[in-house]
Amino acid sequence: MVSLALAILASGCASLDLVQSGSLSSYDNLGQQKGSLGKSRSFADPAVMATVKTVRIIPTRFSDRASGRIAQPQDRALVTHALDRALCIALSDRYQIVASDQPADLTIRNVISDVVPTGKAAAGVATAVSLGSSVVLPVSVPRLPVGLGGLAVEGEAVDATGTQRAAILWAKGANSITSKPRVSEVGDAYQLASAFGSDFSQLMIKGKMPTALDIALPSGQRINSHFGGKPKYAACDTFGREPGIPGMVAGMVGAPPEWTDKAGQKTMAP
């Protein structure tokens, strides 16, 4: 049943390859490519991770290639803030997060290496059809496999000497079943950025990538942050607060993420 479900999802999923932008200090430690719905190559040193106490996150940036695909800096900022925020909150379960200009046991650097823009017209049609079907059907209909967006990211965690202790190449496309359409060029990338943050954090905390069947109850601090509350560590506020219930409602009706997430107003360098 799991294999069948994965096959159905893959048939309606945007395709995106792993991309090397040259931002990692080394690609030699990365393992073989894994994943069906999403692709990844990763590395982590569990022995070192077990001794780490403090982490700092350098704000994510777009590569030249990815930046050229998303015209508006506000849209790029929405994606980078969503990624850093998700990573910061998830890592707070295990590590103390300090400001990016403070010393730490590990420094995290992420680069968005590629992005597939969401087709705004297709997302608008999908939203209208889904909302219309909800009036007469108990579930929404799947998105058409047209105009689906995608995101590719590479990131690493290095220690004070610059030695790579964890690294990841990651790429994933939106799918017709679980990806909610949002009328925005970065509608899918915005959602996938949070997925990357979750995966990279699990790689660092557990020393391996999560599987499709990894299910765990979120911690209290993550629930609080999810609803727009104050994060466990002040450093995470750098990336803005989760839009909470207004953001959930906006996502359900396909509204652009900037309607409720103001992180895009804090533009960052591409």
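This is a predicted model: local features need pLDDT of at least 70, side-chain atom pairs count only at pLDDT 80 or more; totals for chains, interfaces and linings use all residues.
Me: How many disulfides does the count come to?
Reply: Residues are numbered from 1 along each chain as its sequence is written, and side-chain values use heavy atoms, with hydrogens and water left out. A disulfide is a pair of cysteine sulfur atoms within 2.5 Å. By this rule the count comes to one.

Me: Which residue is joined to cysteine 88 by a disulfide?
Reply: The link has -85 degrees about its S-S bond and is left-handed. The two sulfur atoms are 2.0 Å apart, and the partner of cysteine 88 is cysteine 236.

Me: How many residues apart are cysteine 88 and cysteine 236?
Reply: Helices (H or I, at least four residues) and strands (E, at least two) are DSSP runs, numbered from the N terminus. Cysteine 88 sits in helix H4, while cysteine 236 is in the loop between helix H7 (220-226) and helix H8 (244-252). The pair therefore links distant parts of the chain, with a separation of 148 residues.

Me: Is cysteine 236 buried or exposed?
Reply: Buried means under 20% relative accessible area, exposed means over 50%, and partly exposed lies in between (1.4 Å probe, protein chains only). Cysteine 88 falls in the buried class, and cysteine 236 is likewise buried.

Me: How much confidence does the model carry, as a mean pLDDT?
Reply: The pLDDT stays under 50 over residues 1-11, which have seven contacts (heavy atoms within 4.5 Å) beyond four places in sequence. Over residues 131-138 the pLDDT is below 50 too, and that stretch has five contacts beyond near neighbours in sequence. Across the protein, 84% of residues reach 70 or more, and the mean pLDDT is 87.

Me: What pattern does the protein follow along the sequence?
Reply: Its secondary structure comes to eight helices and six strands. Read in order, they give α-β-α-β-α-α-β-β-α-β-β-α-α-α.

Me: How many residues make up the second, separate core?
Reply: Among its members are Leu16, Val19, Ala152 and Ala167. The count for this second core is eleven.

Me: Which residues does isoleucine 108 contact, beyond its neighbours within four places in sequence?
Reply: Ile108 is one of the core residues that touch the most other members. Its contacts are Val55, Arg56, Ile57, Ile58, Leu87, Leu91, Glu156, Ala157, Phe200 and Met204.

Me: Why does serine 63 count as buried?
Reply: Serine 63 is in the loop between S2 and helix H3 (64-67). A polar atom of its side chain lies 3.2 Å from the backbone nitrogen of alanine 66. Leaving out residues up to four places away in sequence, serine 63 touches Ser21, Val111, Ile112 and Ser113. Serine 63 counts as buried because its relative accessible area is 7%.

Me: What is the relative accessible area of serine 184?
Reply: Serine 184 is in the loop between S6 and H6. Beyond four places in sequence, its contacts are Thr118, Lys120, Pro256, Pro257 and Glu258. Serine 184 is buried, at 3%.

Me: Which residue's backbone oxygen does the side chain of threonine 238 reach?
Reply: Threonine 238 is in the loop between H7 and H8. Threonine 238 is partly exposed, with a relative accessible area of 48%. At 2.9 Å, its side chain reaches the backbone oxygen of alanine 235.

Technical notes:
pLDDT is the predictor's confidence in each residue, from 0 to 100. A nonpolar core is a set of buried Ala, Val, Leu, Ile, Met, Phe, Trp, Tyr and Cys residues joined through side-chain atoms within 4.5 Å. A polar contact is a pair of N or O atoms within 3.5 Å; within protein, one must be able to donate a hydrogen and the other to accept it, and residues adjacent in sequence count only if both atoms are side-chain atoms.
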